[in-house]
Amino acid sequence: MDNVHAPTVPSGPSSRPLANGNGAHLSFAELQLKKEGMEAELRALSGVLDSVIRTTRSRIIRLRNDYKDLMNAIEKHLHEHFASLQDTDEIAPAPSNHAAMLGDSIPETLGEPFAKVNSIVANSPAESAGLKAGDEIRNFGYVNKSNHDGLKKVAECVQGNEGVSIN
């Protein structure tokens, strides 16, 4: 933005009254000269304004195009990153049949249980995961004893990961 500037045009006082307030003592020629001077100043100031507007619009257009290119580059890198993660998973599959989770959501140690399984519905994701009545839940995705909020977070985790395996 260092190259954006407003060219200056010398301008005279615009609120000064004509000689003696009404210009009655000026001749027609003097009034005509004053009028032409004001018109010239108005044209010059209008040119400055047009120049600033053109410069600003041009900069906005360039920034929008650069932003679009940047976002395309970011998208490309994200696709490459996740494709490489998928390639790594295909080469060395995880020991369980669960989908890999983000590193910050994998618990380092098992916490204390915060829920106990009462029953399992036949053909449910819980049954497919191998849960059985009486099992204790220590971690469910990102949910644990310290943040389960009366099991509300478990429901949020399930809703936010529909169709995806949860550790």
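Helices (H or I, at least four residues) and strands (E, at least two) are taken here as DSSP runs, numbered from the N terminus. With that in hand, let us walk through the chain. This is a predicted model, in which local features need pLDDT of at least 70 and side-chain atom pairs count only at pLDDT 80 or more, while totals for chains, interfaces and linings use all residues. Residues are numbered from 1 along each chain as its sequence is written, and side-chain values use heavy atoms, leaving out hydrogens and water.

The protein chain has 3 helices and 4 strands, in the order α-β-α-β-β-β-α from the N terminus on. Its mean pLDDT (the predictor's confidence in each residue, from 0 to 100) is 80, with 73% of residues at 70 or more.

Start with helix α1, which spans residues 28-91. E80 and K76 both sit in this helix, 4 residues apart, about one turn. They form a salt bridge, their closest N and O atoms being 3.9 Å apart; the term means a side-chain nitrogen of Lys or Arg within 4 Å of a carboxyl oxygen of Asp or Glu. E39 and K35 form another, at 3.0 Å from N to O. These two are likewise 4 residues apart in helix α1.

Helix α3 (residues 152-160) holds K153 and E156, 3 residues apart, and their side chains meet in a salt bridge at 3.6 Å. In total, the structure holds 4 salt bridges.

Finally, look at F114. Beyond its neighbours within four places in sequence, F114 is in contact (heavy atoms within 4.5 Å) with several residues, including I137, V143 and V154.
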